[in-house]
Amino acid sequence: MDIEKLLEQGKCLQIQPRGYSMYPLIVPGRDGVFVEKAEIDHLKPGDVVLFRRKGSILVLHRICKKKNNAFFLVGDNQKEIEGPVFPEQIKGKMTGMIRNGHRISTRNIIYIIYSKVWLFLRPVRPLISRRIHSIRKRL
C-alpha cells in the first residue's frame with residue numbers, strides 16, 4: 001500500500017502509528033489515526049501532519065509553528081523541534097483518531113483543548129509523559 005499515492009488521490013486512510021513520539025495522545029498497538037490529504041494553506045500550529053523526512057520515513061508530528069513557507073514540528077512526547085519541513089514533505093493531516101472502537105475527531109472540543117495545552121507545555125512534556133506512564137504502570 002502506497003500511503004502517499006492514496007492520500008494524493010483524496011482517500012481518507014486509517015493508519016496505525018508505531019512509534020512513541022506522539023505518546024500519550026497516540027499509543028502504538030492501541031490507537032489508530034485517520035489521515036487525509038493536507039491543504040497546506042490551511043495548516044496551523046496544533047495540527048498533526050504526516051510528513052516524509054528527507055530521504056527517510058513517514059512521521060506523524062504536531063505543527064508547533066509556521067514561518068514563511070516552512071513548518072516546524074514536534075512529537076507530543078518530545079521537546080525538540082524538527083524543521084524546517086517544507087510543504088512538499090507534508091503528505092496528510094490527521095482528522096481524527098480511533099481509541100477502543102470510538103472515533104474522536106480533531107474538531108472535538110476536548111481534543112482541541114488538549115492540543116493547545118500540550119503544545120504550550122512542550123518544554124516539560126517528556127517529564128509529564130514519563131510521570132503519566134509511571135502512574136499507568138502502577139495501576
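Is Tyr114 buried, partly exposed or exposed? Tyr114 comes out partly exposed, at a relative accessible area of 22%; here buried means under 20%, exposed over 50% and partly exposed in between, using a 1.4 Å probe and protein chains only. Everything below comes from a predicted model, where local features need pLDDT of at least 70, side-chain atom pairs count only at pLDDT 80 or more, and totals for chains, interfaces and linings use all residues. Residues are numbered from 1 along each chain as its sequence is written, and side-chain values use heavy atoms, with hydrogens and water left out.

**View A. Tyr114 and Trp118 make a stacked pair.** Their ring centres are 5.8 Å apart, with 15° between the planes. To pair, rings of Phe, Tyr and Trp (its six-membered ring) need centres within 6.5 Å; planes under 30 degrees apart are stacked, over 60 edge-to-face, and the rest tilted. The two residues are about one helical turn apart because they sit four residues from each other in helix α2 (residues 109-120); helices are DSSP runs (H or I, at least four residues), strands are E runs of at least two, and both are numbered from the N terminus. Trp118 is buried, at 6%.

**View B. Tyr20 and Tyr23 form a tilted pair.** Here the centres are 6.0 Å apart and the planes meet at 55°. Tyr20 is partly exposed at 49%, while Tyr23 is buried at 6%.

**View C. The largest nonpolar core has 15 residues.** Such a core is a set of buried Ala, Val, Leu, Ile, Met, Phe, Trp, Tyr and Cys residues joined through side-chain atoms within 4.5 Å. Leu25 and Met94 are among the residues with the most contacts inside it. At least two core residues come from each of α1 (3-8), β1 (13-15), β2 (32-36), β3 (48-52) and β7 (90-99). Beyond four places in sequence, Leu25 touches residues including Asp31, Met94 and Tyr114, where contact means heavy atoms within 4.5 Å.

**View D. Asp31 is buried in a loop.** That loop runs between β1 and β2, and the relative accessible area of Asp31 is 0%. Its side chain makes a polar contact of 3.0 Å with that of Arg99 (a pair of N or O atoms within 3.5 Å; within protein, one must be able to donate a hydrogen and the other to accept it, and residues adjacent in sequence count only if both atoms are side-chain atoms).

**View E. Arg103 lies over the face of Phe34.** The distance to the ring centre is 3.7 Å. A charge counts as over a ring if NZ of Lys or CZ of Arg is within 6 Å of the ring centre and within 35 degrees of the ring normal.
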